[in-house]
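The exercises below go through a two-part structure step by step. Each task is followed by its solution.

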Amino acid sequence: MPPVAGPRVHWVSVVTIAFLAVFVAGVLALIAADLCYTSPQAMADALRSPEVRAAIRLSLLTTAATLVLVVCFSIPVGYALSRYRFPGSVVLDAIIDLPIVLPPVVIGVSLLVFFRTAIGRGIESVPGLQFVYTPKGIVLCQFLVSVSYAIRASKAAFDGVDRRLEALALTLGCTHGRAFRWVALPMARNGLAAGAVMAWARAVGIFGPLMVFAGAVRMKTEVMPTTVYLELSIGRIEPALAVSMLMLAIAMGALVLIHALGQAHRWWGT
Amino acid sequence: MIRIRNLSLRAGDFRVRDVSLDLATGEYFVLLGPNGSGKTLLLHCLCGLLRAEGGTLDVGGHDVTHAEPRLRRIGYVPQDYGLFPHMDVSRNVTFALRAAGRSHADALRELGPLLDTLRLARLLDHSPLTLSGGERQKVALARALALRPELLLLDEPVSALDGPTRAEVLEQLRTVQHQFAVTTMHVCHSIDEAEAVADRAGVMIDGRLVQTGKLAELMERPASAEVARLLQVKRNTKC
């Protein structure tokens, strides 16, 4: 759009930029308050405690497992949503988006109820498949809360791939599977990666469903958000702050990575 | 030899009906017709991207009417060239050979003469996004010819090019087509373009192939007033 003649500073720009500045200043003030409350030494000491280190280790292990599951599910589901038309697609879309809009704690309650049904008890009776109050339950909660984000990103990424190129690959000797692997998948990779990072960051931060379904047992089902809650509940603010700062750094890193992948605009559908 | 018999297909409400045509090996056939007459749909059906409702397609003695696109031995160059933007030129041109199991290096060696003819060797490490329209057209042509198809389908191959580039690409199309003796069906709107390359031409109107023959015959003895009007309009507008 060509530049519009007139004053360089307009009241619209002043007002909108003022709102932007207030918002950014508010967020920075919260972070600054956290940083000023404690000292780097105190934070380092807190992060060295066995409970906090165990929580960080379990967070990394469970979210890594969740990430693998999320990637395995979101790519085929996103592709199917992008390429095929289903009867009742409005309902299907709503079901897929449900974990995004639902309070996460409801997912924990639903899981707890499900594992009290005959099917749930049957699953739990299989050796090695115990979910309630176990690290596997943490993975299940993280997966259910975060997979919808990755599916949405995956669908948007495949929507951005010209399906005629996949068709063309068929005329060049490809099977449908190879056309997917050689054309659709690499062309969608940035969007898929951004969705996976977003889902992982979401999984790192969930708390409500874990408290209900996996519990908050120290050194057993304790992950970083649980640590923040447990430390605050016994009045130890510095370890809680240290873990909070770590989660903040993870969230910032994830968002920077998503923007670096150039997919944030697609992710948010704008 | 390509033999099309009573081929029919449907896309939404539009139908292509009873197309019958024989193409001799090495023949260059140009299909003319107004926008929306079904030319591109016919190409999609021939290369297997659309299912035929009826009729048969025989390629080199094999009935491929219901065969998968990859088994038809038909190369297709779409109007916008359809280059894979995430691959460089060398990966684009070797795509079909790699899909057939060759290594990238072997495929490049095998394609050497074709790449020399099309003067593509210097562009191999370029991204398709940085190429001119004429260069993209040549890359798409090399990619489609890599598997030595029995039939090459070109959908308005020079419509997006400027005048001098168009003439150059048409000349190269003819050279490559002669050199590799590939039967070619070329869809376009322009009589001048057809005159530059065609051994024979056909006119498609409203989903029907209404006349085929030497271009001069079509001009001198159009089968209907509609064909005459189309050829006259195309001649006058030189589109």
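**Exercise 1.** Is the crossing in which helix 3 of chain A passes helix 7 of chain A left-handed or right-handed?

*Solution.* Begin with the conventions. This is a predicted model, in which local features need pLDDT of at least 70 and side-chain atom pairs count only at pLDDT 80 or more, while totals for chains, interfaces and linings use all residues. Residues are numbered from 1 along each chain as its sequence is written, and chains are lettered from A and ligands numbered from 1 in the order in which they are written.

Helices (H or I, at least four residues) and strands (E, at least two) are DSSP runs, numbered from the N terminus. A crossing is left-handed if the near helix is turned anticlockwise from the far one by less than a right angle, and right-handed if clockwise. Helix 3 of chain A passes helix 7 of chain A in a right-handed crossing.

Next, take the geometry. Axes are lines fitted to C-alpha atoms, for helices over the stretch in contact, and angles run from 0 to 180 degrees between N-to-C directions. Helix 3 (residues 50-83) of chain A packs on helix 7 at an angle of about 35°, and the two axes are 6 Å apart.

Last, sort the residues of this contact by class: 18 are nonpolar, 9 polar and 3 charged. Here Ala, Val, Leu, Ile, Met, Phe, Trp, Tyr, Cys and Pro count as nonpolar, Asp, Glu, Lys and Arg as charged, and the others, Gly among them, as polar.

**Exercise 2.** Describe how helix 5 of chain A meets helix 7 of chain A.

*Solution.* The axes of helix 5 (residues 104-114) and helix 7 (residues 135-159) of chain A come within 10 Å and cross at roughly 130°. That makes helix 5 of chain A oblique to helix 7 of chain A, since angles under 35 degrees count as roughly parallel, over 145 as roughly antiparallel, 65 to 115 as roughly perpendicular and the rest as oblique. This crossing, too, is right-handed.

Helix 5 of chain A brings P104(A), I107(A), G108(A) and L111(A) to the contact, and helix 7 of chain A brings L140(A), C141(A), L144(A) and V145(A). Residues are in contact if their C-beta atoms, placed from the backbone, lie within 7 Å. By class there are 7 nonpolar residues, 1 polar and no charged.

**Exercise 3.** Which helices and strands does each chain have?

*Solution.* Chain A has 14 helices and 0 strands, and its C-alpha atoms fill a box of roughly 70 × 65 × 30 Å along the principal axes. Chain B has 10 helices and 10 strands, and the corresponding box for chain B is roughly 55 × 40 × 30 Å.

**Exercise 4.** Describe the contact of helix 6 of chain B with helix 7 of chain B.

*Solution.* The axes of helix 6 (residues 133-145) and helix 7 (residues 163-180) of chain B come within 10 Å and cross at roughly 15°. Helix 6 and helix 7 of chain B are therefore roughly parallel to each other. Helix 6 of chain B passes helix 7 of chain B in a right-handed crossing. The contact holds 5 nonpolar, 5 polar and 2 charged residues.

**Exercise 5.** How many residues of chain B are in contact with chain A?

*Solution.* 17 residues of chain B are in contact with 14 residues of chain A. Helix 3 of chain B gives the most to the chain B side, with 3 residues. That side has 12 nonpolar, 3 polar and 2 charged residues. For the complex, the predictor gives an ipTM of 0.90 and a pTM of 0.84.

Terms used:
Two residues are in contact if their C-beta atoms, placed from the backbone, lie within 7 Å.
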